[in-house]
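Q: Could you walk me through this structure one piece at a time?

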Amino acid sequence: MNIALLASRGGIGRTTLAFKLGQLKTKETEVFLYEFDVAYPKLISFFSNWSGQTIKRRVSKVLYDKCKFHQKCFDVCQFGAIKKENDKPIRIISICRGCGVCLDICPEHAIDWEEIVSGEVGEAQIDNLTLYAARLALGQAWEGFLIKKLKESYPIKENKINILKAPLGLGASSLRAVKDANVFILVTNPSVTLEEEIKTFGEIVQGFGITGFVIIRDKDALKDIETLISNLGLYSTSIPWIPSLKNGFPQDIEVELEAFLNRILSNNGGF
Amino acid sequence: MRSIVITGAPQSGKTSIILGLLSRLDNSIFIDTKVDVPLLYKFFTGQETRNPFHIKAPVRNFMVCVGCQLCLKRCPFGAIYEEDLWIDPLECECCGLCVQQCAQKALQMVNMQIGEWIKLEKESKILLYGKLMPGATGEGLLVEELYNQATALSKDLAIIETHGVGEIAARMLSKASDVILVLDPFTNEEVIDRINNFCDTSKKYLLLNKKGMDIDKEKLLVQKAEANGFKLLSALPYQEDLKVLSEQAICNNEMFNKAVNSLVQKL
């Protein structure tokens, strides 16, 4: 059973919920957490023993002694990763996907490969709970490559409970990270755009043809929007917002969260 | 065009500050880079123009394709399936390498709509925002389009709100003339490093919200930001009652208004 946690906005407690959901069943079975939000992998901070292995990738590099400013590289790069500055091509290393389209188009062969550090991939463990996580190197913004490496290093386990934390946002880069999920959970809180957010999520869930849940961090807000959620074919629950974890995860909320997890696990015929 | 990027930690009050600026700055463009579920338009009324946004995506002509699988071998994203050479739209980044490499010219880049960009105009103020089709590829490019449209409108100033520390932030920060980093005492220090590494040569400022909640943490964050070249612009005091208010309600708060007025003067 692969459960994905998604969010359109940050700071709603997705990381805490991912960790807690992971912990709940560890008395009975092994559980695996996947941190795919590689730009800001906060799950790592819940484990003291995480260590990563450096992952490199290729990006393009302009050889200025050969460049004659034909400007073909600007036009061919679909990502806007080469910008023009005084008719000079400047590569933006953070967003270059390393596809290599610019290498072949340059008549002067003035673009070559350069190897850079994409980030780190590694694992950590607390008892029966294992974390697989990756962290982008500073200055890097291309998540897709590192997420792919994370999945290659630690393939998603079959017949286990896997909690997948998606990158921030509801765009393709988040969804492709968690496309192996059986269940999508949107974590959200009251906002002027709550309705739009849930509708967008509903369309995504429908596109994937899987089960979708909405967790709202406020009981009253859920009451206002419960009908919309069920009309979209989604399930919902409210898990109260926890202002501070200084005194640990509140017992009553843990009970609610476990009931919610049991509901997910039984909805899909267990795992 | 001077572009000021407002960036920082989640839930630190970026949107409230933008709304504060929205009511004060004339002859300006505001860009909402949140294209999965846009937000700022909820607080701005004006004359609306909607425009479809397309990217170029590869399409295969199976009448011409000889099945040599070169595209499959060269695809940097593993987006092409071996069995039927199907291009998975979720995995495809639309880089165009397969089209470039195909000796048979069996692949072609074709316009595909992935969303729309919307202009709201009221007197000398403009809000630009985008709406990505649910789950579509190319949000970075939609955000680039918003920026390109802003430059074409030849106003003096663009205020750009970014979320997160990923691609969108990197793209906008690479164009910024000024960066305002918004933090609060709950912010993880890592946010400062991440944002700083995307800042090019822009002027960097720090705005600390909810001052007085956790003095030790604040000190640590300010020190770290200053060491990275961020200049402390102002610190908005913490008020218990502001915590639970909506963005709009915060804008009506006297203390908040004083702080934003001082921010506008410094800009």
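This is a predicted model: local features need pLDDT of at least 70, side-chain atom pairs count only at pLDDT 80 or more; totals for chains, interfaces and linings use all residues.

**A helix across the strands**

A: Helix 1 (residues 14-22) of chain B lies across strand 1 (2-8), strand 2 (28-32), strand 6 (157-161), strand 7 (178-183) and strand 8 (203-211) of chain B, and runs at about 160° to strand 6 of chain B. Axes are lines fitted to C-alpha atoms, for helices over the stretch in contact, with angles from 0 to 180 degrees between N-to-C directions, and contact requires C-beta atoms, placed from the backbone, within 7 Å. Helices (H or I, at least four residues) and strands (E, at least two) are DSSP runs numbered from the N terminus.

Q: What order do the nine strands of the open sheet in chain B have?

A: The order is 3-4-5-2-6-1-7-8-9, with mixed pairing, where two strands pair if DSSP finds at least two bridges between them.

Q: And which are the edge strands?

A: They are strand 3 (47-60) and strand 9 (231-237) of chain B, each pairing on one side only.

Q: Over how many bridges do strand 3 and strand 4 of chain B pair?

A: Strand 3 and strand 4 (residues 107-122) of chain B pair in the antiparallel sense over 14 bridges, and B:Pro58 stands opposite B:Met109 in strand 4.

Q: New topic: how many residues does the contact take from chain A and chain B?

A: The contact takes 41 residues from chain A and 38 from chain B, and helix 6 of chain A supplies the largest share of chain A's side, six residues.

How values were computed: Residues are numbered from 1 along each chain as its sequence is written. Chains are lettered from A and ligands numbered from 1 in the order in which they are written. Two residues are in contact if their C-beta atoms, placed from the backbone, lie within 7 Å.
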